[in-house]
Amino acid sequence: MTVELVLVLALLFSAIVMFALNRPRMDAVAVIMMVALPFTGALTLRESLSGFADPNVILIGALFVIGEALVRTGITKRLGDWVIARAAGSETRLVIYLMAAVAALSAIMSSTGVVAIFIPVVLRIARDAHIPVGRLMMPLSVAALTSGMTTLVATPPNLVLHGELVRTGHEGFSFFAFTPFGLPMLVVAVLWMLVARRFLGGPASLAAPEPRHLGDWVAEYGLAGHEARLRIGAASPLAGAAVSDADFLSSRGMTILAIERPGIFGAELIHPKAATRLRAGDILLLDLERAAIDLPAMRERWHLEDLPPSGAYFADRVSDIGMAEVMIPATSSFVGRTLLDLRFRSVHDLAVVAMKHGAQSVAGPVADEKLREGDTLLVVGPWRAIRRIGAERREMILLDLPGEAEDVAPEGHRAPAALAVLVLVVALMVSGIVPNVQAALVGCLLLGLLRCIDMRSALASIRWETLVLIVGMLPFSIALQRTGGVDLAAEALIGLLGDAGPRAILGALFCVTTALGLFISNTATAVLMAPVAVALAERMGASPHPFAMIVALGASSAFMTPVASPVNMLVVGPGGYRFMDFVKVGVPLTIASLLVGVVMVPILLPL
């Protein structure tokens, strides 16, 4: 054993101890290891930093961006709604449907990518169902890892073992060769997580203060009954007119909030500008002061049809029509001026539907009311316009958003485009026309081009602590190979078990594979163990397929530590997990996977 190997093993041991103690944080440990490894002499500094150029790291970052685009376009919200609807209030059914959906998708594309995409879905489900997120994130990662045992392309280790068989002159695995082992293991994993989830998520914590909702503001500002929906008739003089021509009614207690316009794929909601032309058949969504308006006379004059409201103050259109409270600070140039003077609607794309001087609500129309320092305005309009207020603090200060704002998809109308890009990315990954990382980057560029996501949101969506953790631990596989640590373990296994029975050898091979996977990636583990598996089979005069299969199953059983797989690393932060959480959940799952492999592999793949 060389000095370099001793130093590398010492660093590896210290990293595991720090991971177990959770001090310092995991990404900090990874940086420490990345800095320390070159001092062992096993790696150069360039090699220690090589993880930053690893395609898998770039792939994970790109998939975070794709996942955020799915959130911004509302696709994850719809998927979460589907899972919640199927679960029908049962946490047990929720876990089952979640794991089944994740496993099915992970069988045909990168499990790491699937987890990255599903993380925002699970966060939303946990919030809506009032379930500790830690009880759902672990089932998510377990399902993704178990899916690696279902198809040939489900995980890179399967392809590594397949390639080794072909390279040595044997027939490779078929696409569904793994399925008879993966499906039983998936059932076992689901059943175990139904039990183990009760140990996750920590004790019940104090509930966070419930945010105010639209209904609270409607009651507080007395907006009940202010909503109206009026359809423009074919004979209406408003048909063909610009909104600015009808906007004179604003000062008399009426404000056009939005326009519903019939389209090919259903009604389209338009936030009107001054130059927007009205059409016959348009439905005007109005805020009006009924006491100040003779509505029947107005309908008759303008040939408008009164329609029933679709929700309490348009609550059903919350994804398109936002609401917020803003305050006028002392530094604002708005003080002493009216909303009409400021051309507030035209400049800010927002309508003011209520106002308070201090704690006193202003009765009647507010368009002619002079603004004072400290006034509170209730504004209604597109969510993007509301978010712009948060960036400008001189004229207005954004005080509060309703609880519904958390579920708003700011680019909801671009959901078909985002879904098409997702299908394209998955198709490219499944077909293998281009590398997975290239497919993901193409998807990111298309999502940006189609305005499903902007640069600021893309950068904010990347979980940098996860990427740093992966980058910092990747060099260990190079160091262990270069110093002979892995070769030493493989030679010891051949010498120790070369004459043992076939099931004992399969079991030992599985254990060594999973043990290596605790410290290095499962792909690197498969690369190192594949030749060992084939050599053992040839020495025994047996078929190499069962030995290769048991290594593949062992490589996919990366349940026991957060560093065993990028899938585990992704859920550490969102789930709030500690090192020992993976040990408690992963050890029984690994034992189950060992039993499934040792029992079924010799039966389905005879020696």
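Mentor: In this predicted model, aspartate 349 lies in the loop between helix 15 (344-348) and strand 7 (351-357).

Trainee: Is aspartate 349 buried or exposed?

Mentor: Aspartate 349 is buried, because its relative accessible area of 6% falls under 20%.

Trainee: Where is arginine 451 found, and what is its phi?

Mentor: Arginine 451 is in the loop between helix 18 (436-449) and helix 19 (455-461). Its phi is near 65°, again a positive value in a residue other than glycine. Arginine 451 counts as exposed, since its relative accessibility of 59% is over 50%.

Trainee: How are helix 10 and helix 27 arranged, and at what angle do their axes cross?

Mentor: Two packed helices are described by the angle between their axes and the distance between the axes. Here the axes of helix 10 (residues 179-196) and helix 27 (residues 579-604) come within 10 Å and cross at roughly 155°. Helix 10 is therefore roughly antiparallel to helix 27. The crossing of helix 10 and helix 27 is right-handed.

Trainee: Which residues of helix 10 and helix 27 meet?

Mentor: Among them are Phe181, Val188 and Trp192 in helix 10, and Val585, Leu589 and Met600 in helix 27. The residues of this contact divide into 17 nonpolar, 1 polar and 1 charged.

Trainee: Which residues is glutamate 171 in contact with, leaving aside its neighbours within four places in sequence?

Mentor: With those neighbours set aside, glutamate 171 is in contact with Leu165 and His545. Glutamate 171 is placed in the loop between helix 9 (156-167) and helix 10, and it is exposed, with a relative accessible area of 64%. Its C-alpha atom is separated by 9.6 Å from that of proline 544, although the two residues are 373 residues apart along the chain.

Trainee: What is the order of the strands in the open sheet of 5 strands?

Mentor: Strands of a sheet pair through backbone hydrogen bonds, either parallel or antiparallel. In this open sheet the order is 3-2-4-1-5, with antiparallel pairing. Strand 3 (268-270) and strand 5 (304-307) stand at the edges with a single partner strand each, so one side of each has no neighbour in the sheet.

Trainee: Over how many bridges do strand 1 and strand 4 pair?

Mentor: Strand 1 (residues 227-232) and strand 4 (residues 283-288) pair over 5 bridges. For arginine 229, the bridge partner in strand 4 is leucine 285. Helix 13 (residues 295-302) packs on the sheet, touching strand 1, strand 2 (254-261), strand 4 and strand 5.

Methods:
Residues are numbered from 1 along each chain as its sequence is written. This is a predicted model: local features need pLDDT of at least 70, side-chain atom pairs count only at pLDDT 80 or more; totals for chains, interfaces and linings use all residues. Side-chain values use heavy atoms; hydrogens and water are left out. Helices (H or I, at least four residues) and strands (E, at least two) are DSSP runs, numbered from the N terminus. Buried means under 20% relative accessible area, exposed over 50%, partly exposed in between (1.4 Å probe, protein chains only). Axes are lines fitted to C-alpha atoms, for helices over the stretch in contact, and angles run from 0 to 180 degrees between N-to-C directions. Angles under 35 degrees count as roughly parallel, over 145 as roughly antiparallel, 65 to 115 as roughly perpendicular and the rest as oblique. A crossing is left-handed if the near helix is turned anticlockwise from the far one by less than a right angle, and right-handed if clockwise. Contact means heavy atoms within 4.5 Å. Ala, Val, Leu, Ile, Met, Phe, Trp, Tyr, Cys and Pro count as nonpolar, Asp, Glu, Lys and Arg as charged, and the others, Gly among them, as polar. Two strands pair if DSSP finds at least two bridges between them.
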